Amino acid sequence: MTAAATESVDVLIVGAGISGLGSAVHLQQQCPGKSYLILEAQAGFGGTWRTHRYPGIRSDSDLYTFGYRFKPWEGPPIATAAQINAYLGEVIDEHGLAARIRYRHRIVSASWSSADARWHVQALRRTDDGAEQPVSVSAGFLWMCQGYYRHERGYTPPWPGIERFRGRIVHPQAWPDDLDLAGRRVVVIGSGATAATLIPAIAGRCAHVTMLQRSPTFFICGRNANDLADTLRQLDIPPTWTHEIVRRKILFDQAAFTKRCFTEPEVVRRELMAGVNAALGPGHEAEVDEHFNPRYLPWRQRIAFVPDGDLFKAVREGHASVVTDRIERFVESGIQLASGRVLDADVVVTATGFELNVLGDIAFSVDGAPLDFASCITWRGTMFTGLPNLAWVFGYFRASWTLRADLIGDFVCRLLQHLDAKGAQAVVPQLRLQDEGMALKPWVEPENFNPGYLQRGVDKLPKQGGHAPWRHSQDYWTEKDELPRADLDDGSLRFG
Ligand SMILES: Cc1cc2nc3c(=O)[nH]c(=O)nc-3n(C[C@H](O)[C@H](O)[C@H](O)COP(=O)(O)OP(=O)(O)OC[C@H]3O[C@@H](n4cnc5c(N)ncnc54)[C@H](O)[C@@H]3O)c2cc1C
């Protein structure tokens, strides 16, 4: 099979998830003269919200801030995957993005050539009969919106004896259409947002569901409603205003909460545990201490929001239970725990997280030399030393991902305009004299945020430095002011 002729664009966006679609809108609005394409490996848009199809799949942050700043959210704060995909579909229609998206195009390599100051990208297009055809695209700028984890498969730890288990093992990232849970004993391994979502959705449908966790997680319970939004709607305030006002209020409250997690973590711990206690009802105090009192401080891992306390309702009603223990091995009938107890199961769901992937598993090279991404230093958590004309949208952990996708959208457009104004073809971050010898730290510092997939994969990710612009702060509240004002001519970006 020979490759079709190379298509040439100003900007190539990788991925049609929430970041890729938002970036396309920013590019169209702020740089209307730029030509662009979006290449997406899957057969449709949505990314995370298309890949994950397990029962109950929903956001764990509110859609006022997880939605884009440019499109009002009008549903309940916590949304299902179907509602999020419908919202993204409207964005595609309202902004005419469909013609720019090429589905079933998996990018496999990207080579930067300084000679023509362009990225030369190779993709494989999957045809209806499953064949793969090579496709070439050349682009002046690569906008990486490929997320941070491998969509093809989730992470399952290599437990001993797993092959002996007679039941079925399912990862939530590849939920089988034919899985009938009626009358089955289900064990869900994990206690993050996925487990917290899945368990209430299947409790009552199966014989019993057990959440098996190695260690506890923090949860916040609350109504899936926003009083301020409801009031503004009653007053017939235009949706764009309501969206903006509610976003500001949520972000204001989140800033205060995040600050308290660092200044008075033990007070916050007690409050969160009291919330769980109230949701479980009287008589469950010992369980709260054993199963909902994490070893880490609040906000060092994502705090899962439990709308209307549905997870705890399932426990209260006896459809679900929680076990905190370590897996010793799998046995024929289920899982043998370190305590000696055996949890019998017909179905085991491994809600054990993701496989971190680096730049979409694309083989990158710069002027013929393969890229070692881990040796790069980040410029404000979005560009990288040694990688010209490329930005990566990596969102926030403690605030909605999309807040950063919007901020980086503005930044990339400003950078593209700056390149044009200077008559430059290329831009690459470079350390200045005053930055030489700067102590380097991991992409995300473990004492700041430490979920398993990052701990497992942080060695593959770029480093950050100790001062601006080499910090990856993960702090929306400072970045929202700093990134729009970042000086593009302070010497940390080399234009050519
Ligand atoms: C179940 C779940 C719930 C979550 N809930 C929230 C939440 O409530 N709030 C929040 O802030 N965050 C949440 N997150 C984090 C979430 O991943 C991000 O918020 C967001 O959806 C990521 O969007 P994205 O477009 O950057 O990446 P993704 O959603 O990962 O999309 C990336 C896209 O790029 C494509 N792609 C990757 N590599 C290539 C390649 N080589 N070639 C072509 N295409 C490629 C993929 O197929 C995919 O469609 C959640 C994550 C999960 C897994």
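Modeller: Gly-15, Gly-17, Gly-47, Gly-147 and Gly-360 come nearest among the 33 residues around the ligand, where a residue is near a molecule or strand if its C-beta atom, placed from the backbone, lies within 6 Å of it. This is a predicted model, in which local features need pLDDT of at least 70 and side-chain atom pairs count only at pLDDT 80 or more, while totals for chains, interfaces and linings use all residues. Residues are numbered from 1 along each chain as its sequence is written.

Biologist: Which helices and strands each supply at least two residues of that shell?

Modeller: They are helix H1 (18-30), strand S4 (105-113) and helix H5 (193-202). H1 gives the largest share, three residues. Helices (H or I, at least four residues) and strands (E, at least two) are DSSP runs, numbered from the N terminus.

Biologist: How do the shell residues divide into nonpolar, polar and charged?

Modeller: Twelve are nonpolar, 17 polar and four charged. Here Ala, Val, Leu, Ile, Met, Phe, Trp, Tyr, Cys and Pro count as nonpolar, Asp, Glu, Lys and Arg as charged, and the others, Gly among them, as polar.

Biologist: Turning to H5, which β-α-β unit does it make with S8 and S9?

Modeller: S8, H5 and S9 form a right-handed one; that is, with the strands pointing away from the viewer, the path from the first strand over the helix to the second runs clockwise.

Biologist: And which strands pair with S8?

Modeller: S8 (residues 185-189) pairs in the parallel sense with S9 (residues 208-213) over five bridges, and also in the parallel sense with S16 (residues 347-350) over four bridges. Two strands pair if DSSP finds at least two bridges between them. Val-187 has Thr-210 of S9 as its bridge partner, and Val-188 has Val-349 of S16.

Biologist: Why is S8 largely enclosed by the rest of the structure?

Modeller: Because four of its five residues are buried. A residue is buried if 20 or more other C-beta atoms lie within 10 Å of its own, exposed if 12 or fewer, and partly exposed in between, with C-beta atoms placed from the backbone.

Biologist: Now the backbone. What is the phi of Trp-299?

Modeller: Trp-299 has a positive phi of about 75°, although it is not a glycine. Most residues other than glycine have a negative phi. Trp-299 lies in the loop between helix H9 (285-291) and strand S11 (304-307).

Biologist: Where is the cis peptide bond?

Modeller: It joins Ala-468 and Pro-469, with omega about 5°.
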